[in-house]
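Here is a short briefing on a predicted model. The points are grouped by topic.

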There are 2 protein chains.
Amino acid sequence: MKIWLTMLIATVSVNLAANELKLDNSLAYKLTESLTVEVGARIAGSAADERAVVWAEKNFAALGYDKVWREAFDMPYWQRGAASLTVNAPFHQSLVVTALGGSIATPALGIDSNVVMFDSLEQLKNADTPRVKGKIVFINHSMAKDKEGEFYGQVVGARAQGAVEAAKLGAKAIIIRSVGTSLNRFAHTGVMRYSDNVARIPAAAISVPDAIQLEKMLALQPNLTLQLTMQNKLPGIVKSHNVIAEITGSKRPDEIVLISAHLDSWDQGTGALDDGAGVGLVMAVGALIKQQGQPERTIRVVLFGNEEGGLLGAKAYAAKHAANMDKHVFASESDFGADRVWRLDSGVGEKSLAFIAELQQKLAHLDISLGNNNASGGPDVSVIKALGVPVVTLLQDGTDYFDYHHTANDTFDKVNAEALAQNLAAWLITTKAVANSQVDLRQ
Amino acid sequence: MKIWLTMLIATVSVNLAANELKLDNSLAYKLTESLTVEVGARIAGSAADERAVVWAEKNFAALGYDKVWREAFDMPYWQRGAASLTVNAPFHQSLVVTALGGSIATPALGIDSNVVMFDSLEQLKNADTPRVKGKIVFINHSMAKDKEGEFYGQVVGARAQGAVEAAKLGAKAIIIRSVGTSLNRFAHTGVMRYSDNVARIPAAAISVPDAIQLEKMLALQPNLTLQLTMQNKLPGIVKSHNVIAEITGSKRPDEIVLISAHLDSWDQGTGALDDGAGVGLVMAVGALIKQQGQPERTIRVVLFGNEEGGLLGAKAYAAKHAANMDKHVFASESDFGADRVWRLDSGVGEKSLAFIAELQQKLAHLDISLGNNNASGGPDVSVIKALGVPVVTLLQDGTDYFDYHHTANDTFDKVNAEALAQNLAAWLITTKAVANSQVDLRQ
Ligand SMILES: [Zn+2]
Ligand SMILES: [Zn+2]
Ligand SMILES: [Zn+2]
Ligand SMILES: [Zn+2]
């Protein structure tokens, strides 16, 4: 048994509707299991999203949180429809395709067109209109693996902005090589954006093996045509929710230590790595700290809604709590899978770096090193960091994260119980250190 | 460079319609690429199957084979339709499902029923009718990995016979945990059988992660119901073909050294490991041997049709060539992926074991050891082995084969060029040894 397991005193059992949850170092794992099995995929705005909100409220209460509530916000609802991508003669065959989140549908009969391939979004931006006009753009940008997920930032532009750039040059549709690092034949979804001044065209991703296959086909037959059909729907504005729960501070209850994850997931997998594990983790942290006595500051756990559609829950939270932002003494989010934490990054005032260095000493036995002071705190938390809230990132090993991210393959069996317990230990140490101190991390 | 690469003299280029094929140790790999890119999935009886037959004829001719022909046979055509499997309230979510080959469709509105889970086909066989009647049977038999693929034989019964056994007890449908060894979320298809005296019920497979998920759900809610819909079609009897090509023997042309693979594949992947690599391999063997001069015996390369539906091409071949079976001096098939050959098994007469032992000596530098004398020769070849034809199996490392087998993930990127070149070296040595000898392997 690892040293860090011994810090948890496992005694209380919480009997929930379906699962028996123990207040021990398996709690994050068990909560992740419960969310993914009992709710599963939960795209923002859907009935499953609402079931996830109810699940979260119920479990926060059962775990002994002092306060639990939801905060509604409006959002445009997007529903994936059936999608197909067929290579026409002479290589007649189907490719594995999925709509990008937010994409419009194709006409009912689909789009049948020649293809023009680019190696990157940059290359597309530099193309001439005659090369692109009337065609399906194919961005075939491959993504390498790395621990920090740096390459994601280099490739994801094709997904987010590809449709706008392709439409500017007159393309009929865009397909991208999945923003992912695995040769498994899953198409990775993820949000894409339109621009008010540019025609909206359908946008989809094909799996990495299909991108490799299509590249080979185009080398043999540059005049190949593809048939793309997608039946997505945009039913309009609906409500989604952030779910918030607190362990009330014993000495400085108005000072908020915010820890978070996002409750929504894409609709293809069960959102285990993205971000069920984060949800299980931060829910467990508050419960396990309370078990050892109330913290001095209030621990607020926020499960943001609709992170995937563009941080909509985080933006709603920031707007609603703007007047109280100075009472947020700390914020952090777990949203990078379930592998081990290996580095502590911060985004705090210069004078607080000593506190961060001390914190890293407390985390060293978990093999967590000291990183930089440029942390975002996580995607949702970056929104309140921009309003001046100090943050840390307990950076996880993301080497394998983009094998599963935004695919049907993001399921609970991919969560490593031991690695998640290491995360839990790191989050407990970090959250308690801040919640039981008077440090002003803005300084 | 490995020693075994030096045995091939690479000079001649064959300019085919689309690809440039070199007569060197990459030939098997390049042919596999050509088949999977230009034809792709090719379920027996389909238009793609016919395209594969044309592809094979054209490439055999271009590779310099002396004779090329096709032999037709009748077969029942089966077409996969859309399938869905939904868990009803309270855990409303979709599972990844695929029809088993040969399964009937469900009624248009689907089958909505309780579930009864069994750990194995044996356990189902021992069940009482009241436990099963009116329900969807779920066989949740997990499969372990091994080099020889032994576990496949232990688990595949659930797929082949599950529908009959479930229907005997009054089940409405059967779903099985995929016969596969990966946690990737692909459902593995494969052939299933009905019995004339037993009601036909729909049969499907769910992915391994979904089987794990469903087991967890049933533990929480034993009264859970599932909704299964499948739209498969059985359009009737159509023609498919074996494609045969020969390098004519210089001294004993009537003596046939048969090497083979199967041309058809399931419809989900591009049939790269099963059995595109085998096709590329045996097509390359004849061409490369001819490059070095005619063999003494005739080398006959047979690409069997419809292996997947129940060895239908092999049975047609055996029937058509029954009178000539005594002239088949040897047969072997490659149909276990594209990983390295590690063992030489035989199915020959006792007196011929010395020849086999000598052959193994020639293969030893490729890390191929001597195995047993119980080889089947391969699935199609087992049909003619039963008629007295001597066989060998160049046994491949099957450890990872059932990760991909019969899934959408069986694509060309999974083929390891170096391992396939090692196969090619082993097959060249073996085929030449038999074709240039007078050994009677029946003795
Ligand atoms: Zn996320
Ligand atoms: Zn995400
Ligand atoms: Zn096969
Ligand atoms: Zn097969």
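In this predicted model, Asp274(B) coordinates both the zinc ion (ligand 4) and the zinc ion (ligand 3), and the two ions are 3.3 Å apart. Glu308(B) lies in the loop between strand E14 (297-304) and helix H8 (312-320) of chain B, and His406(B) in the loop between helix H11 (401-404) and helix H12 (417-435), so the pair ties together parts that are 98 residues apart in sequence. Chain A has a zinc pair bridged by Asp274(A).

**Zinc ion (ligand 4), chain B**

- The protein donors are Asp274(B) through OD, Glu308(B) through two OE entries, and His406(B) through NE2.
- These donors lie 2.0 to 2.5 Å from the zinc ion (ligand 4).
- The four donor atoms make angles of 56 to 142°, and the site is irregular.
- Along the chain, the donors of the zinc ion (ligand 4) are spaced D-x33-E-x97-H.
- Glu308(B) and His406(B) are both buried.

- Glu308(A) and His406(A) are both buried.

**Zinc ion (ligand 1), chain A**

- The donors here are His262(A) (NE2), Asp274(A) (OD), Asp335(A) (OD) and Asp335(A) (OD), at 2.0 to 2.5 Å.
- The arrangement around the zinc ion (ligand 1) is irregular because its four donor atoms subtend angles of 56 to 147°.
- A tetrahedral site would need all angles between 85 and 135 degrees.
- The donors of the zinc ion (ligand 1) follow the spacing H-x11-D-x60-D.
- His262(A) is in strand E13 (residues 252-262) and Asp274(A) in helix H7 (residues 272-291) of chain A, and the pair, 12 residues apart, links distant parts of the chain.
- Both His262(A) and Asp274(A) are buried.
- Asp274(A) also coordinates the zinc ion (ligand 2), which is 3.3 Å from the zinc ion (ligand 1).

**Annotated domain**

- An unreviewed UniProt entry annotates residues 242-427 of chain A as "domain: Peptidase M28".
- That span is 32% helix and 25% strand.
- The end C-alpha atoms of residues 242-427 lie 21 Å apart.

**Symmetry and interface**

- Chain A superposes on chain B by a rotation of 180° with 0.0 Å of shift along the axis, at an RMSD of 0.0 Å.
- This is the relation of a two-fold axis.
- Asn184(A) comes closest to the rotation axis among the residues of chain A, with its C-alpha at 3.9 Å.
- The copies meet through the same surface, because 100% of the interface residues of chain A are also interface residues in chain B.
- Chain A gives 33 residues to the contact, and chain B gives 33 residues.
- The two chains bury about 2,400 Å² between them, with 53% of it on carbon and sulfur atoms.
- Val37(A), Arg185(A) and Leu220(A) supply 24% of the area that chain A buries against chain B, more than any other three residues.

**Asn184(B)**

- Asn184(B) is in the loop between strand E9 (173-177) and E10 of chain B.
- Its relative accessible area is 14%, so Asn184(B) is buried.
- Beyond four places in sequence, Asn184(B) touches residues of chain A, including Asn184(A), Phe186(A), Tyr404(A) and Asn409(A).
- Its contacts in chain B include Ser207(B), Pro209(B) and Asn409(B).
- Asn184(B) and Tyr404(B) are 220 residues apart in sequence, and their C-alpha atoms are 9.2 Å apart.

**Ala205(B)**

- Ala205(B) belongs to strand E10 (residues 203-206) of chain B.
- Ala205(B) counts as buried, at 0% relative accessibility.
- Beyond four places in sequence, its contacts include Val96(B), Val97(B), Ile176(B), Ala187(B) and His188(B).
- The C-alpha atoms of Ala205(B) and Gly377(B) are separated by 29 Å, and the two are 172 residues apart along the chain.

Note on methods:
Residues numbered from 1 in each chain as written. Chains lettered and ligands numbered in written order. Predicted model: local features only at pLDDT ≥ 70, side-chain atom pairs only at ≥ 80, totals over all residues. Heavy atoms only, no water. UniProt positions renumbered as here; feature names shortened; annotations may be inferred. Helix = DSSP H or I, 4+ residues; strand = E, 2+ residues; numbered from the N terminus. Least-squares fit on C-alpha atoms with pLDDT ≥ 70 in both. Contact = heavy atoms within 4.5 Å. Donors = N, O, S within 2.8 Å, 3.2 Å for Na, K, Ca; no water. Buried < 20%, exposed > 50% of the residue type's maximum accessible area, 1.4 Å probe, protein only. Tetrahedral: all angles 85-135°; square planar, octahedral: opposite > 155°, others 65-115°. Buried area = accessible area lost by both parts, 1.4 Å probe.
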